[in-house]
Amino acid sequence: MSNNLTLNLAQLQNKIKRDPPGFRDEYESQVHRFKTSLELQQLYPENDHTTLSETMIFLASTAHCYKEDMKNYGNELAQLIETSGHSFSSKLRQDIVKSLMLLRGKQMIEDKVLFELFFKLFRMKDKKIRETVHKFIVNDVKRINLKSKNHAVNKSLQNFMYTMLQDQDVTASFKSLQVTEDLYRKNVWNDEKTVNVIAAACFHGHQKIQSRALNFFLGNDQKSEDHDSDDDEDPDERRQREKNELKLPTARDIMVRFQTGKKGAKNKRKKKKMMARIAKKSNKGQNRDAINFTAIDMLHDPQSFAEKLFKQLESTNGDFALKLLHIRVIARVIGVHKLVIYNFYPYLQRFLNPSQRDVTLVLQAAAHATHDLVPPEVCEEMVRCISNQFITERNSGEVMAVGLNSVREVAARNPLAIGDDLLQDLTQYKKHIDRGVKAGAKGLITLYRQEAPMLLAKKDRGKPNEHQRQIVPYSYGQSKALDFIPGAETLPLRGPEEEEEVMEEDKPTEWVDGEWQDVEHDIEQDIEKEEIEKRTETEAKLEEKVGREELLKMKQEKAKNVLTTRVLTDAEFQKIKIEQATQKAVDIHRKVTPSSLLSAENSSNLVELKKIEQVASRRAHSKEDRLATVLAGREGREKQKLNPYASSTNKDKRKQKPFQMVMHKVAKKQTGRSYTQKKKALQESLKKQLKSYKH
């Protein structure tokens, strides 16, 4: 009966779409049938609802053919599921939601009414309904804003969303927050209002919503299945899901599986596909360095946001994972907006311990929260804590290397964070036996050679180049704005009437595809070794005559005059680039090229976690390099002369014999007695001999 009814409704739907006036009577009979079935369902909720569902979907599919008669049909369904939805079965609720979606596609229900209803459905203890509604809201809002932004709909939805985030139902608030994040990531709602609505969710009373909002600012893309409420999930479904998760093969399982059997191309493709799928799944969630810079930049009042978040952190007694989320977000806001929260740094020192869980993330947060506006005494206290806890001989080499890397990242953002005495002590680890510690100490020395070489010991400064000679110690809060271009002092100073035309140098060309084409020119190729040495000696002599600061002022004044009195050509800009590269070049005997110098910028850029966790633990040479070294050492030596009449060993001869000839020896060897058995047999024989002796 049900199949015939479905078939008849499908035929009737097709005929109504072709000729609505001709089938009005049949349609009205279906409307009457729907109302009767609905009344029976409300009286007897346990009865079968197949007829009601099919009739309801049929009316929703053909309601646009009779707009005047069915204009209130959508509101009736919305009121029905809002008032009586909890008493209906899950299948019937899904059919009602499906009918409302059909009416939305045919413009038979208002956007605002439908969206507000669907947000209220998040309170329902039905996981399938929540997932269906979530997908529909995201896709429909995206469709509305596809061609141009619909500000009226967006504004009303965002205002309603803010009230939903404060809802007492945790599941409804969580799903509303999830919808807002998805719309932001799809660049539908990427304005400041959306970001600040999510920022308000960071102070929600429930830790689950706090965690979701904080992860948004850290750029962690979490699946809804991982955080959705499983209270209403069927126990059988949960057991089946957990069973399926346990059945997932590992990389080792796949390797063992394809180790035997056919080695055809089909199996190779299948193995490659499965390995790629496992690698993709294992890489999920490992991108711990992704930070949502745009969202952090759009905060209305970052100072108040960070202070409230820190106050909430101090009163949090929950899991360490939630505290770590607070610490990382506060550090990122401080670093991006260059805020100063003095109490944050002493609080951070509580977790600076090698035995602390996820301590590398805490060290990353310490580097993020450091910038040039933080007082040096505050940073120095934190750096000293890292040094005392990590960089000590009682710790392993890996722990010491992580500590040195963290200190380097903090100092890159505020060179005044390390005092003279502490810096001298840390640089002494450049001769440590561990490679990771040695590399960390040398990285710290390289950083200060570019930022503040005067803080290093004289033996660690190396042979200074022109760039290092021009570095002047700066104090806390000093601005570094330049009103000239370094390197412009090498250009001749001429007036406008005396200016000569500077012909552009011929660009190097290369024969490509039958014609000469311009190629890129490497500026560093123009720097000669003799010129570097000559310039260094000349600079040292001038410093002795007029003084370092006076010489620097002279260069800056000349560069200002050149830039303010002349219009530079492309060729002269090229000369300035060469001059800048020459100033950064170091003495050739140190075997350091300008391109390999460490570019240390005091900014709030993201600290990559691998820079802190990077420990130089590999061997000095690979196997191939060591073999090449051995072979090179044998050159020029005479080979050891072997006896030409000597025969091979019995072991080598046995390898050349047929297996039948040595089979008995192999069998005897396999079935022979073990050492323990021989020992016991010897003991028994000795006992028998002792008994046979006559006293």
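The following legends describe close-up views of a predicted model.

**Figure 1. Helix α10 and its buried residues.** Helix α10 covers residues 192-201, and seven of its ten residues are buried, so the helix is largely enclosed by the rest of the structure. The buried residues are T194, V195, N196, V197, I198, A199 and A201.

**Figure 2. A patch of positive charge on the surface.** The residues that gather here are K651, K653, R654, K655, K657 and K665. Helix α32, residues 650-656, supplies four residues, the largest share of the positive patch. K651 is placed in helix α32. With a relative accessibility of 56%, K651 counts as exposed, because the exposed class begins over 50%.

**Figure 3. The salt bridge between D69 and R24.** Across the whole structure, a search finds 17 salt bridges. In the one shown here, D69 pairs with R24, and the closest N and O atoms are 2.5 Å apart. D69 belongs to the loop between α3 (50-62) and α4 (73-84), while R24 belongs to helix α2 (residues 24-43), so the pair ties together parts that are 45 residues apart in sequence. D69 is partly exposed, at 49% relative accessibility. R24 is also partly exposed, and its relative accessible area is 33%.

**Figure 4. The salt bridge between R123 and D167.** The two side chains meet at 2.8 Å, N to O. Each partner lies in a loop: R123 in the one between α6 (111-120) and α7 (127-144), and D167 in the one between α8 (151-165) and α9 (170-185). The pair therefore ties together parts that are 44 residues apart in sequence. R123 is partly exposed, with a relative accessible area of 34%, whereas D167, at 16% relative accessibility, counts as buried.

**Figure 5. The salt bridge between R357 and D319.** In this pair the closest N and O atoms are 3.8 Å apart. R357 is found in the loop between α19 (344-348) and α20 (359-368), and D319 in the loop between α17 (302-314) and α18 (320-337), so parts that are 38 residues apart in sequence are tied together. R357 is partly exposed, with a relative accessible area of 44%. D319 counts as partly exposed, at 44% relative accessibility.

**Figure 6. A network of salt bridges.**

**Figure 7. Q107, a residue with positive phi.** Most residues other than glycine have a negative phi. Q107, which is not glycine, has a positive phi near 60°. Q107 sits in the loop between α5 (90-105) and α6. The residue is exposed, with a relative accessible area of 55%.

**Figure 8. K338, a residue with positive phi.** K338 is a residue other than glycine, and its phi is positive, near 55°. The loop between α18 and α19 contains K338. At 33% relative accessibility, K338 counts as partly exposed.

**Figure 9. The aromatic pair of F118 and F136.** The search of the whole structure finds 15 aromatic pairs. F118 and F136 form an edge-to-face pair, with 5.4 Å from centre to centre and 80° between the planes. F118 belongs to helix α6 and F136 to helix α7, so the pair ties together parts that are 18 residues apart in sequence. F118 is buried, with a relative accessible area of 0%. F136 is likewise buried, with a relative accessible area of 14%.

**Figure 10. The aromatic pair of Y184 and F216.** The ring centres of Y184 and F216 are 5.1 Å apart and the planes stand at 80°, so the pair is edge-to-face. Y184 lies in helix α9 and F216 in helix α11 (residues 207-218), so parts that are 32 residues apart in sequence are tied together. Y184 counts as buried, at 7% relative accessibility. F216 is buried as well, with a relative accessible area of 0%.

**Figure 11. An aromatic cluster.** F310, F320, F344, Y345, Y347 and F351 make up one aromatic cluster.

Conventions
Residues are numbered from 1 along each chain as its sequence is written. This is a predicted model: local features need pLDDT of at least 70, side-chain atom pairs count only at pLDDT 80 or more; totals for chains, interfaces and linings use all residues. Side-chain values use heavy atoms; hydrogens and water are left out. Buried means under 20% relative accessible area, exposed over 50%, partly exposed in between (1.4 Å probe, protein chains only). Helices (H or I, at least four residues) and strands (E, at least two) are DSSP runs, numbered from the N terminus. Patches are made of residues with over 30% relative accessible area and no salt bridge: like charges are joined within 9 Å, nonpolar side chains (Val, Leu, Ile, Met, Phe, Trp, Tyr) within 5 Å. Accessible areas come from the Shrake-Rupley method with a 1.4 Å probe; for residues, only the protein chains shown count as cover. A salt bridge is a side-chain nitrogen of Lys or Arg within 4 Å of a carboxyl oxygen of Asp or Glu. Lys and Arg count as positive and Asp and Glu as negative; His and the chain ends are not counted. The place of a charge is taken as NZ of Lys, CZ of Arg, CG of Asp or CD of Glu. Rings of Phe, Tyr and Trp (its six-membered ring) pair if their centres lie within 6.5 Å; planes under 30 degrees apart count as stacked, over 60 as edge-to-face and the rest as tilted.
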